[in-house]
Amino acid sequence: MSKTDASHVMPTYNRSELRFQRGEGAWLITDSDERYLDFGSGIAVNALGHSHPKLIAALKAQSEKLWHVSNLYTIPEQEHLADALCAKTFADNVFFCNSGAEAAEGMIKAMRRYHADNGAPERVTLISFAGAFHGRTLAALAAAGNQAYLQGFGPAPQGFVQCADFDIAKVEALIDETTAGILIEPVQGEGGVRDVGPEFLRGLRALCDKHGILLGFDEVQSGIGRTGKLFAHEWAEITPDVMAIAKGIGGGFPLGAFLTTQAVGAAMQPGTHGSTFGGNPLGCAVGMAVLETVCEDGFLEHVRDIDGFFRQQLAGLLDIYPDIFTEIRGRGLLLGLKCKPANTDIVAALRAQKLLTVGAGDNVVRFLPPLTATHDDMRAAVEAISAACETLRAELKANPEANPKADPKADPNA
Ligand SMILES: *Cc1c(COP(=O)(O)O)cnc(C)c1O
């Protein structure tokens, strides 16, 4: 047996050395008291920023009463959160789990089970889209169809096809008697912050209705106020049959769920699905506090307001630094800048200015500020971006050869 001094954490991530000790709103503070502006939000998780008093109070209060009982019993906190989610959405039923991948996986199972229960067990195929990301379970990977993530993990689950373009005619061409439904992120996050647009979502809804198949939205990243509506699909004024959520709903507590219409939920009878931890009282108490806060009067207006301000400032930066940034993408505070140099270099240059961001596919740098960020936070970010651009530009000038070629396949999670 060999033991080393190296980290014993499995090396699946290229981690920065930064060690954060505490957080305050949009700011993270290291163990050596350095302050970083957190525009990654733990990858769209800390929707209410760090140390939000309502979330602390909800977790404290629940932690003193009851932590866990399992789904063998009725959990009032779970009932309460399910009621609230259904009151705010298209849904009639909610299944709680602990992560986005599990939520996507549950959504896929429910979409297939609905057809099996309604006399069409041959309808198992899900149509998804190039650049999609649904999580790291085998089925979620198969759904997204990203071969790099599947490589070396044996046979992928069957029953998934990907459409290369956001083109209704091409989607329709993939529909046959084995199709169960369509799976899509209304705004792709990991894949490169692509807003598929309201018109396309409406087209998909019409296709699903025409062919008697289900529409499933993965709003794990785009949901819970991130785009300035409670859910991104609300911009299109249509509803799905199934929806996966996670990330923001827990505000930092691991919580996911999939929501369904009455018709789909009816197919998920006792024994069809389960989770030991899913919907535990701690998670649901925190989730309820997040949902209540995001649904308070003025909250989503604030998101749209700081988004508008930030975008305007970013547009100015694009004019000044066309050698660094080429395009603004996304919707609301799920926002990306397409980069000319490698996005990994931009993320590093921003980090050197104490601004935390996240890379995404297609050489994009992703900005996911807390939804509670202030105008001052946005101004601080703009200053950090300008300073990073000046540094990058000086480096490019001094050594044009050093500009590494942007890798369009750069792993957004690495
Ligand atoms: C992050 C993400 C997932 C996976 O969530 P995990 O909690 O990491 O399992 C699934 N779908 C989308 C759209 C995501 O952004």
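The following legends describe close-up views of a predicted model. In this predicted model, local features require pLDDT of at least 70 and side-chain atom pairs count only at pLDDT 80 or more, whereas totals for chains, interfaces and linings use all residues. Residues are numbered from 1 along each chain as its sequence is written, and side-chain values use heavy atoms, with hydrogens and water left out.

**View 1. Stacked aromatic pair of F129 and F166.**
Rings of Phe, Tyr and Trp (its six-membered ring) are taken as a pair if their centres lie within 6.5 Å; planes under 30 degrees apart count as stacked, over 60 as edge-to-face and the rest as tilted. By this rule the count comes to eight aromatic pairs. One of them is stacked: F129 and F166, at 5.5 Å centre to centre and with 25° between the planes. The pair links distant parts of the chain, 37 residues apart, with F129 in strand β5 (residues 125-129) and F166 in the loop between β6 (160-163) and α7 (168-174). Helices (H or I, at least four residues) and strands (E, at least two) are DSSP runs, numbered from the N terminus. F129 counts as buried, at 1% relative accessibility, while F166, at 30%, counts as partly exposed. Here buried means under 20% relative accessible area, exposed over 50% and partly exposed in between (1.4 Å probe, protein chains only).

**View 2. Edge-to-face pair of F310 and F367.**
The ring centres of F310 and F367 lie 5.7 Å apart and the planes stand at 75°, so the pair is edge-to-face. Distant parts of the chain are linked by this pair: F310 belongs to helix α11 (residues 299-320) and F367 to strand β17 (residues 364-367), 57 residues apart. Both F310 and F367 are buried. Together with F39, these two residues form one aromatic cluster.

**View 3. Charged side chains over the rings of Y149 and Y36.**
A charge is said to sit over a ring if NZ of Lys or CZ of Arg is within 6 Å of the ring centre and within 35 degrees of the ring normal. The charged end of R136 is placed over the ring of Y149, 4.0 Å from its centre. K354 lies over the face of Y36, at 5.9 Å from the ring centre.

**View 4. Packing of helices α3 and α10.**
Helix α3 (residues 76-88) packs against helix α10 (residues 281-294) at an angle of about 30°, with the axes 8 Å apart. Axes are lines fitted to C-alpha atoms, for helices over the stretch in contact, and angles run from 0 to 180 degrees between N-to-C directions. The helices α3 and α10 are therefore roughly parallel to each other; angles under 35 degrees count as roughly parallel, over 145 as roughly antiparallel, 65 to 115 as roughly perpendicular and the rest as oblique. α3 passes α10 in a left-handed crossing, a term used if the near helix is turned anticlockwise from the far one by less than a right angle, with right-handed used if clockwise. On the α3 side, the contact (heavy atoms within 4.5 Å) is made by E77, Q78, H80, L81, A84 and L85. The α10 side contributes P281, C284, A285, G287, M288 and L291.

**View 5. Helix α13 with α11 and α12.**
Helix α13 (residues 375-398) and α11 pack at an angle of about 15°, with their axes 10 Å apart. That makes α11 roughly parallel to α13, and the crossing of the two is right-handed. Residues of α11 that meet α13 include F309, F310, Q313 and L314; among their counterparts in α13 are M378, A381, V382 and I385. The axes of helix α12 (residues 343-352) and α13 come within 9 Å and cross at roughly 120°. α12 and α13 are therefore oblique to each other, and α12 passes α13 in a right-handed crossing. D345, I346, A349 and L350 in α12 meet A384, I385, A388 and L392 in α13.

**View 6. Loop residues S70, E237 and E296.**
Most residues other than glycine have a negative phi. S70, in the loop between α2 (53-63) and α3, has a positive phi near 85°. S70 is buried, with a relative accessible area of 16%. E237 also has a positive phi, near 55°, and is found in the loop between β10 (214-218) and β11 (242-245). At 73% relative accessibility, E237 counts as exposed. E296 is placed in the loop between α10 and α11 and counts as partly exposed at 40% relative accessibility. The C-alpha atoms of E296 and G212, 84 residues apart along the chain, are separated by 37 Å.
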